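The report below goes through one structural model, from its sheet to its metal site, core and loops. The sequence and coordinates come before the discussion.

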Amino acid sequence: MRAGIGVDSHRLAPGRRLVIGGVEIPSERGLEGHSDADVLAHAISDALLGAAGLGDIGEHFPDSDERWRDADSIGLLEQVVAMVASAGFAIVNVDCTVMIESPKLAPHREAIRERLAHALRIDAQRVSVKATSGERMGFIGRGEGVGAVAVASLSDA
Ligand code: MG
C-alpha cells in the first residue's frame with residue numbers, strides 16, 4: 001500500500017468559471033489560473049503522483065506551456081491516472097476536502113464524486129468528497145480563494 005497527499009489553492013476572480021472536481025458550479029466568481037484552475041482535480045492529481053513517486057503536476061503540466069492554457073483539469077487528471085496505471089499501481093481510494101466559503105458545495109457533492117470516480121476509473125464508493133468553510137478566517141474565509149486537500153492510496157496492480 002502507498003499513500004500520497006495533494007494540496008492546492010486558487011484565487012477567486014470575476015469573469016471566471018468555478019469548476020470543482022470537473023463540475024461547473026453556478027457562481028459570480030470563478031477560479032483564476034493557467035488551466036481551468038480546478039483546484040480539486042489538481043490536489044487529487046498531486047496525491048496520485050505523490051503516492052506513485054512520480055513527481056507533481058507542475059512538473060508534468062507546467063503553466064509556462066501554452067498546451068495547458070485553459071486546459072480541462074479532468075483531462076489532466078485522466079493523464080495522471082494513466083501514468084499511475086503504467087507505473088503498475090491500482091487506485092484503492094481517494095479522499096478529499098474542498099475548503100470554500102461560498103457557494104456551498106453540498107448540492108454538488110454527489111455530481112463531483114461521480115465525475116471524479118469516472119476520471120479515476122474506480123467505483124464512486126471509493127471516492128469521498130467533503131467540504132468545509134474557513135469560518136470567515138484567512139484567505140478561504142474571506143472568500144479570496146478556494147483550497148483543496150486530497151489523499152490517495154494505491155496498491156500494486
Ligand atoms: Mg492548481
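In which sense do S1 and S7 pair, and over how many bridges? S1 and S7 pair in the antiparallel sense, over ten bridges. The model is predicted: local features need pLDDT of at least 70, side-chain atom pairs count only at pLDDT 80 or more, and totals for chains, interfaces and linings use all residues. Residues are numbered from 1 along each chain as its sequence is written, and side-chain values use heavy atoms, with hydrogens and water left out.

**Sheet**

Strands (E, at least two residues) and helices (H or I, at least four residues) are DSSP runs, numbered from the N terminus. Two strands count as paired if DSSP finds at least two bridges between them. The open sheet is formed by five strands in the order S4-S1-S7-S5-S6, with mixed pairing. S4 (29-31) and S6 stand at the edges with a single partner strand each, so one side of each has no neighbour in the sheet. From one strand to the next, the twist averages 20 degrees. Here axes are lines fitted to C-alpha atoms, for helices over the stretch in contact, and angles run from 0 to 180 degrees between N-to-C directions.

| Strand pair | Sense | Bridges | Residue | Bridge partner |
|---|---|---|---|---|
| S1 and S7 | antiparallel | ten | arginine 2 | leucine 154 in S7 |
| S1 and S4 | antiparallel | three | leucine 12 | leucine 31 in S4 |
| S5 and S6 | parallel | six | valine 98 | alanine 131 in S6 |

**Metal site**

A magnesium ion is coordinated at 2.1 to 2.2 Å by Asp8 (OD), His10 (NE2) and His42 (ND1). Donors are N, O and S atoms within 2.8 Å of the metal (3.2 Å for Na, K and Ca); water is not among the atoms, so sites may look incomplete. Along the chain, the donors of the magnesium ion have the spacing D-x1-H-x31-H. Aspartate 8 is in strand S1 (residues 2-14) and histidine 42 in helix H1 (residues 39-52), so this pair ties together parts 34 residues apart in sequence. Aspartate 8 and histidine 42 are both buried. Buried means under 20% relative accessible area, exposed over 50%, and partly exposed in between (1.4 Å probe, protein chains only).

H1 lies across S1, S4, S5, S6 and S7, and runs at about 160 degrees to S1. Of the 14 residues of H1, 13 are buried. The helix H1 reaches 20 Å from its first C-alpha to its last, close to the 20 Å expected at 1.5 Å a residue; the expected span is 1.5 Å times one less than the number of residues. Glycine 53 follows H1 and has a positive phi, near 70 degrees.

A nonpolar core is a set of buried Ala, Val, Leu, Ile, Met, Phe, Trp, Tyr and Cys residues joined through side-chain atoms within 4.5 Å. The largest such core has 48 residues, and those with the most contacts inside it are Ile20, Leu40, Ile44, Leu48, Leu116 and Leu120. Elements that give two or more residues to this core are H1, helix H3 (73-86), strand S5 (89-99), helix H4 (109-120), strand S6 (127-132) and strand S7 (145-156). H1 gives the most, ten residues. Contact means heavy atoms within 4.5 Å. Not counting residues up to four places away in sequence, leucine 120 touches Ile44, Leu48, Leu77, Val81, Ile91, Val94 and Val127.

**Loops and backbone exceptions**

Most residues other than glycine have a negative phi, and most peptide bonds are trans. Arginine 121, in the loop between H4 and S6, has a positive phi of about 60 degrees although it is not a glycine. At 59% relative accessibility, arginine 121 is exposed. Arginine 136 also has a positive phi of about 60 degrees; it sits in the loop between S6 and H5 and is exposed at 71% relative accessibility.

The peptide bond from serine 102 to proline 103 is cis, with omega near -5 degrees. Proline 103 belongs to the loop between S5 and H4. Proline 103 and glycine 134 are 31 residues apart in sequence and 12 Å apart in space, C-alpha to C-alpha. Glycine 134 lies in the loop between S6 and helix H5 (138-141) and is buried, with a relative accessible area of 13%. Leaving aside neighbours within four places in sequence, glycine 134 is in contact with Glu101, Ile140 and Gly141.
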